[in-house]
Amino acid sequence: MCKFLLSALFAFLLFAGLNGNCAAKLKLGGISFPHAVIIANDPAPYGDFETLIVPIKRAGNLIIVEAQIDTLEGNFVMDTGAPYLVLNATYFRDAPRIDEKLSAGINGEANGGSFTTMVHNFSILDLHYSRITADVTDLSAIENGRGIKILGLLGTRLFAKFAVTIDLANNLLYIHKLDDKGNIPPKELVFKEPYLKMPFKYINDIIFLKGAVNDKTMWFVFDSAAETNLLDYAKAKKILKSMQIINRSTLTGIGGSSFEVLYARFDKLTLGDKQFLRNRVLITNLEKMGKAYDYSVDGILGYDFFSRGAFTINFVKSDFEMYIYNNN
Amino acid sequence: MRLYGRHIILILLLLSNMIAAAQNRNNLTATKKGLVLHIDLNSPRPDIDTILRRAAIIGVNIQRLKENDFSALEKDGWVLIKRKGNIVEFNRSIKDLKANPQNSPFIITNDIIKGDERHGYMDNALYGVNKFSSISVYELSSGLTRFTLPGYLKSRRVFLSGGFNDWSTLKGAMTKTATGWVIDIKLQPGAWMYKFIADSHWLDDPNNLINLDDGGGNTNSVYYKSNYTFKLRGYAGAQKVNLTGSFNNWRNNEISFTKNGDVWECPLYLREGMHTYQFIVDGNFITDPANPDKYKDIDGRLCSVLNVGETVYFKLSGHANARDVYVAGSFNKWEAGKIKMKKTADGWAVPIILPAGNYNYKFIVDGDWILDPANPVHDVENKELNSFIAVKPNHTFKLKGYNNAKTVILSGTFNNWNENGYRMGQTADGWTISLHLNPGKTLYKFIVDGNWIIDPANKLWEQNQYNTGNSVLWIEP
């Protein structure tokens, strides 16, 4: 009996510890957090390193990191637009089901076949997760579009206790352990003196940055798996006059349905106290993505933005930093 | 005269300004209300075509447009606002942007950002000769290829990554030696791109002088695994022997032989297919004395001919009384009277060297085109049933059972989901066909007497737009 009480207390403490942001999320978004309890029970990852350096690969504008599930090695997309680890149903269809479809995050195609599973022995080089909750969903569109085998998406929860730096120029991912104050120890810093340093809101395991497009305030999702910047149709409408239209396109979505986008250029993207010039963006309806995030989305900052420099996301302090390569 | 010249320059400047102004009159802009399209009907057709493409207006007959027929634009939701001279202005609401929202950025960007189609896996070169400052990659007598990286002795781990292991950052772990790092791998002939990863940092082979752009702003080293060695016996007193041919655009001073005993040798990688070549011995052009296959090219040059590929023996039993038997197929553009078969003890036969691939063929017996009676596998090309052969097949599809089926067809991304071919051959316990497939992902299904089914023996499948699934197969490089 005593043992049971201790276990319950431990589970409660673990839940409280791992979900330090949970209260903030509920307050900010008024959101439900369906995976909270399940994920709270995932043991913390471990690894004998201060900073783990991982080589990355590129497929189109996607950032690919190799990881291992038990003995299976393969490609994963670094995806800050996904809240959790997401696995491709083609290879994990027979994984044990602990829950039917909850949420796959926006880069997983949320269809009837999605479910939640528990993965054992997941590793990114020396970073090990003994047990981790993952969604299983259909990622065939990414695989077919980019011609490489994709086992899954690395969502933000995997790095919740770390800071990560992505240096695209050198194709490197740095996973930093943090000191007691939540900072990267100074001797472990890869880049010094960021061009941009700003806080983000971590809502529903998604990074929201406050910024402006041609002086119109917007909330952007920072999505490392978005191959372009995206702007919601409704928000864009108000500033369309200040944008240059590159072209209009009719594209094909899942199941052959067609949808429209406008590819546009705009002069001024403001984030924190910094301005980024000559920006490109796709204007489309982001309503459905907002639903997946459980929070409305004005825009998504993707490759067009983050390829301008190396960037660091400190998930513990909710800080975003960018070390610029090119601001043109 | 000088004044006249100045006038011409002035007129040309004015003209160019007018052209520029005319180009600027074709415009796609936006206001709060929506898109605004200006078309200058007097501008050149390519300019009108460009602005229509920018506005995603398809199927417009520009002549009709110039004749004031705007129905194609109106059909696409554009409203004629005004016309001033040659300039027509259309508006279009952007409310369509709202329709059918997608739930993944990837679905939106997939067709806009071009993914590199397995770029960087294999160089598409016709030929290749290695160049090292110090040889770091070489062939072992075991048939394996050794890659070495000298130094980096303080590194904790070093990997070899390249097209041959799908650019894995985990699979090619190298072994530390007293002087550096080494790995032996099984490699097919080809032009292979690679890099080393020392403590997670990507680096080109410092000893390999051949680097190619990787399409993403970096470079990859290239190793050519040879599949052919040119040999020239004799010429003991020659100072220099070079190789020139169709594969290197007949450049004379690029590929040199080395003397090995009394034989001059030149190993290199040659892409499969037909090549013509000559040797250059101390400046004199000669054909290959060891190769009887010669050909006079359109420049009147007598060259040796080399076919690189697999020798396929086409055989037809019987037909003992036939006068002429030929074989023709997709490999020779179906030319009927070119490849003559020779009479054998029990029929007719001919060897043909073919590059790896999938081919349709037929025999022509005294003018009659017939299927190969010994080959149960068929393909349909231009509605015509042909015999089918895969040269260097790298996958065999098998469907067990279905013994009473009349036809079992294999259809997939490799044949654009053709419903008519390939027709699998029936065996004692099912149906089978071997294909040569490109490395990468293949989607496929079987069609059993008209019914599409996924491969029951393959647990990998993905959903399709009909919710019936497609089987998934990955072909290793």
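User: What makes two strands a pair here, and how many bridges join strand 9 of chain B to strand 10 of chain B?

Analyst: Two strands pair if DSSP finds at least two bridges between them, and strands themselves are DSSP runs (E, at least two residues; helices are H or I, at least four), numbered from the N terminus. Strand 9 and strand 10 (residues 180-185) of chain B are joined by 2 bridges and run antiparallel, so they count as a pair under that definition. Within this pairing, Thr175(B) stands opposite Val182(B) of strand 10. This is a predicted model, in which local features need pLDDT of at least 70, side-chain atom pairs count only at pLDDT 80 or more, and totals for chains, interfaces and linings use all residues. Residues are numbered from 1 along each chain as its sequence is written, while chains are lettered from A and ligands numbered from 1 in the order in which they are written.

User: Why is one side of strand 6 and of strand 9 of chain B left without a neighbour in the sheet?

Analyst: The open sheet has 4 strands in the order 6-7-10-9, with antiparallel pairing. Strand 6 (137-139) and strand 9 (175-176) of chain B stand at its edges with a single partner strand each, so one side of each has no neighbour in the sheet.

User: Why is Glu89(B) called partly exposed?

Analyst: A residue is buried with 20 or more other C-beta atoms within 10 Å of its own, exposed with 12 or fewer, and partly exposed in between, the C-beta atoms being placed from the backbone. Glu89(B) has 16, and is therefore partly exposed. Glu89(B) belongs to strand 4 (residues 87-93) of chain B.
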